[in-house]
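Here are a few notes to go through with the model open. Have a look and see what you make of them.

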Amino acid sequence: MMSLSDHTQDLITSLAKAKLVPGSAAGLIPENFTPTTQLGVSFAGKAVEVGNFFCAGECKQPPSISFAAEPDALPKMSYTLILADPDAPTPDDPKFAFWRHWVVPGLHPLSGENTVVAETKPALTAYLGPGPKDESKPHRYLFLLFREPESLDLSKEDVGGEEFVQRRSFKPAEFAETHGLRLVAANWMTCAGDGWTE
């Protein structure tokens with residue numbers, strides 16, 4: 001795993017190059033964002049690395065998540081992970097952005113070399129893998145890790161329904177502000193339908 005400062009540089013550069021910050025994720029990820037931990041995301045052993053490419057078929061099952069405790073973290077600090085798509089239904093017509101794929105609260109980093117994460121609460125939005133249509137250009141998918149305020153207790157209703165159409169037009173920045181969530185790490189990937197060709 002690269003150093004946090006190198007990862008930060010890669011992340012900021014890649015977000016700018018992909019027109020996410022500044023761009024469609026600017027209200028969500030501040031332009032001067034400095035992560036305080038590194039968010040590891042892996043689908044069956046293939047790591048998400050600031051914008052690398054996946055086919056939808058590689059993302060059917062939830063990924064494994066890892067991150068180290070922040071330097072100033074109190075014991076038992078909890079985190080919420082959000083996976084959202086700013087390009088729904090297509091990058092050329094993102095009228096349903098952000099599309100909510102996964103919301104998991106109550107994550108705790110465990111000590112150890114691999115910084116495995118313990119899930120202490122059920123998902124607020126069950127995982128639904130990326131599913132761009134084959135004729136769509138690749139979508140960008142943001143994995144966002146937020147530090148939770150103490151004694152945060154969210155219900156599924158706070159996030160919204162899990163039916164397909166209820167996941168549309170989610171506003172993660174507003175959600176984070178309303179519930180006192182503080183962004184501490186981010187990662188992202190691109191993904192296209194299994195039948196997509198350039």
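1. Which residues make the nonpolar surface patch of about 290 Å²? L128, F164 and V165 do. Patch members have over 30% relative accessible area and no salt bridge, with nonpolar side chains joined within 5 Å; a salt bridge is a side-chain nitrogen of Lys or Arg within 4 Å of a carboxyl oxygen of Asp or Glu. Areas are Shrake-Rupley with a 1.4 Å probe.

2. A word on ground rules: this is a predicted model, where local features need pLDDT of at least 70, side-chain atom pairs count only at pLDDT 80 or more, and totals for chains, interfaces and linings use all residues. Numbering starts from 1 along each chain as its sequence is written, and side-chain values use heavy atoms, leaving out hydrogens and water.

3. Strand β5 (residues 79-85; strands are DSSP E runs of at least two residues) has seven of its seven residues buried, so the rest of the structure largely encloses it. Buried means under 20% relative accessible area, exposed over 50%, and partly exposed in between. Y79, L81, L83 and D85 point one way, and T80, I82 and A84 the other.

4. β5 runs antiparallel to β6 (residues 99-109), with six bridges joining them (pairing takes at least two DSSP bridges). Six bridges also join β5 to β8 (residues 139-147), again antiparallel. A84 stands opposite R100 in β6, while L83 faces F143 in β8.

5. R100 turns up again over the face of F170, at 5.3 Å from the ring centre. The cut-offs here are CZ of Arg or NZ of Lys within 6 Å of the ring centre and within 35 degrees of the ring normal. R168 likewise lies over F96, at 3.9 Å.

Definitions and conventions:
Patches are made of residues with over 30% relative accessible area and no salt bridge: like charges are joined within 9 Å, nonpolar side chains (Val, Leu, Ile, Met, Phe, Trp, Tyr) within 5 Å. Buried means under 20% relative accessible area, exposed over 50%, partly exposed in between (1.4 Å probe, protein chains only). Helices (H or I, at least four residues) and strands (E, at least two) are DSSP runs, numbered from the N terminus.
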